[in-house]
Amino acid sequence: MTTLNETKNAPRKLHDGMIKSRKTRIGDLVIAGICFLLMLLCLLPMLHVLASSLSSPEALVRNEVFIVPKGWNTEAYKTVLTTEKYVRSLGWTVVLTVICTLLSITLTICCAYPLTYSNLRGGKFINFIILFTMYFSAGTIPHYLLLNSLGMLNTPYALIFPNCISVFNVIIMRSFFYGVPDSLREAAEIDGAGPIRVLVKVYLPLSLPVIATLSLFYAVGRWNGFSDALMYLKKSETEKYWPIQLLLYNVIKNSTQTTEQAAQEGFFANGVSKTIQMATVMFATVPILLVYPWLQRYFVTGVTIGAVKG
Amino acid sequence: MSWGTYMKRYGTLYLLLIIPIAFFILFRYVPMTYILQAFKKNNILIPPWQVEWAKNNGFQWFIKAFKDKDFIIALKNTLFLNLLDLVIGMPMPIIMALLLNELAFPKYKRVTQTVLYLPHFLSWVIISSITLRLFATNDGLINKMLGTSIPFVGDPEHWRGTYIFLGIWKECGWNTIIYLAALTGISPELYEAAEVDGASRWRKIWHITLPGIRSTIIVLLIMNLGHILGSEFDRPYTLSNPLVTEASKTISIYVYEKGINGQQYSLTTAVGLFQSVICVIFLLMSNTLAKKFGERGIW
């Protein structure tokens, strides 16, 4: 644990040392300026979406909206929130994301924790069968055929189980557990605690940062997941299980197909749907964008551990 | 310790492992048995081990794939796009990490990092829905602002550029994390000594910073080389449109369209197997190569 904290503080120390002895302040300003431009590059598209979603459909069709809304209009949000299709998909995606994240993080802990015991008999073999799946995968179709024979196709289970453990995240979790001093485990064992008690009383309380990070990774993965829904939910009656990403994809695909017709006939119906699309994009991104900055310190550590040990 | 006492003390560990291991067996290893489908006749109604062998000693589908013009195009596109990603996309996070490392204002640096991580959290569906609006040929905002009509997503050549650019836009900031972590491992004393000697910013970057992250660069290079024939699905699929299919159709899309939509399961399983095997071979080769040059490699 202490080593992790040290590496976290190291960059700042480095910088203080560099600032003191540095004379070329202009160079620093140039670098700060470049970073500012890079930030704009990342932010402007999102600001544009926000502005578009709050503009009048006519202004959007005339392409007058950049990052300031024109013809202030919250109609699109109201429409999204009152259209059953969108509300159901958003609600279902929230439920799905919560279920998947809880399941995944629990299984990841169950998988990673026993592997930290150096005296686990068969541990090397278990380790191998887990890591091997990172380097060799059966491929899309065999996975599809398996789900077909399990009868999971066109059911919501196909979105939950097939990818509920990520080996990469198990490695991150395990590495973090390795950082817990052995003396703590031994002390608890002397007090007569079994492995489960040690996990609950010693390891989990110390691992909240990494649990938060991996939960974020799993939640983002599920929230942004698209291809599994596209491949596994083919039947039209499964439309009620479409996550927001798949719904959005289909809405946009259909609207771009009709764009040309709309343009030829010269009416604004297309503009209305554009503001609604942009409002949907906002609903589909804002939850994540509100959460990730608060976990930044932790996921930086998580990614770093994963990179070093993976 | 005898098995009895061992299981009494540590048996619960195996209880914890039961479900995860069941997961890996059912969802990772059982599908591997379905690879057999690649050598069998196309029949999904009965499990592949009961189906008759395909023609040409079972290699019928591999031969068919390599005679299929669509597959060859998909193979070329996958290789070409991944190569562009490697050559153009890989140096970008390194440059950005160096830039962030040189940034002298700690608070500003933290804000910059937060903002640069943002695109990583957007899905390709979202990015494509924004892109198709911004980059449209005639009424896209970017063309309007430039006063041009460049077909960013409307012809194969430009589409490739847009594809690479968006890939960099999405992951560049996120990929700096690893390099920034490696940078913290460089001893500050090296910089101090260089400053005493009057080294310029560029000389410090060249002689201290870059050598300091050399092994990280090599490891990531190995991983990327290993995936040279691997193909993402979301990115080309969501960004694709009917005007650019000759550039955008990758192996993953080929497998999806011919396999899941076209029900040619044997053919597409064969293609997937080919892809996985090439991936493993490339990974092994690049790892050996890295070790030859005295680097640590990935295992």
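Analyst: Phe161(A) is partly exposed in this predicted model. The count behind that label is 17 other C-beta atoms within 10 Å; a residue is called buried from 20 or more such atoms and exposed at 12 or fewer, so Phe161(A) falls in between. Its place in the chain is the loop between α8 (157-160) and α9 (167-178) of chain A. From Phe161(A) to Ile130(A) there are 31 residues in sequence, and their C-alpha atoms lie 16 Å apart in space.

Another loop residue of chain A is Lys70(A), found between α3 (57-61) and α4 (75-82). Lys70(A) is partly exposed, with 17 other C-beta atoms within 10 Å. Pro57(A) is 13 residues away from Lys70(A) in sequence, with 9.4 Å between the two C-alpha atoms. If neighbours within four places in sequence are left aside, the contacts of Lys70(A) are Ser55(A), Ser56(A), Ala59(A), Glu64(A) and Val65(A).

Chain A has 16 helices and 0 strands. Of its 310 residues, 37% are buried. When contacts between residues at least 6 apart in sequence are considered, 70% of those in chain A join residues at least 24 apart.

One helix pair in chain A can be described in detail. Helix α5 (residues 84-115) packs against helix α12 (residues 208-224) at an angle of about 135°, and the two axes are 9 Å apart. Because of that angle, α5(A) is oblique to α12(A). Their crossing is right-handed. On the α5(A) side the contact includes Thr93(A), Leu96(A), Cys100(A) and Ile105(A), while α12(A) contributes residues including Leu214(A), Tyr218(A), Arg222(A) and Trp223(A). By type, the residues of this contact are 8 nonpolar, 6 polar and 1 charged.

Helix α11 (residues 214-226) and helix α15 (residues 265-292) of chain B pack at about 155°, with 7 Å between their axes. The two helices, α11(B) and α15(B), are therefore roughly antiparallel. The crossing of α11(B) and α15(B) is right-handed. Ile218(B), Ile222(B), Leu225(B) and Gly226(B) of α11(B) meet a set of α15(B) residues, among them Cys279(B), Phe282(B) and Leu283(B). The contact consists of 7 nonpolar and 3 polar residues, with no charged ones.

The two chains also touch each other. Chain A puts 82 residues into the contact and chain B puts in 74. On the side of chain A, helix α2 (residues 25-53) gives the most, with 12 residues. That side of chain A is made up of 55 nonpolar, 23 polar and 4 charged residues.

The largest nonpolar core has 124 residues, and Met173(A) and Val271(B) are the ones with the most contacts inside it. Helix α8 (residues 156-184) of chain B supplies the largest share of this core, 12 residues. Apart from its neighbours within four places in sequence, Val271(B) is in contact with Ala65(B), Phe71(B), Ile251(B), Tyr254(B) and Val255(B).

Key
Residues numbered from 1 in each chain as written. Chains lettered and ligands numbered in written order. Predicted model: local features only at pLDDT ≥ 70, side-chain atom pairs only at ≥ 80, totals over all residues. Contact = placed C-beta atoms within 7 Å. Helix = DSSP H or I, 4+ residues; strand = E, 2+ residues; numbered from the N terminus. Nonpolar A, V, L, I, M, F, W, Y, C, P; charged D, E, K, R; others polar. Core = buried A, V, L, I, M, F, W, Y, C linked by C-beta atoms within 7 Å. Axes fitted to C-alpha atoms, helices over the stretch in contact; angles between N-to-C directions. Parallel < 35°, antiparallel > 145°, perpendicular 65-115°, else oblique. Left-handed = near helix turned anticlockwise from the far one by under 90°.
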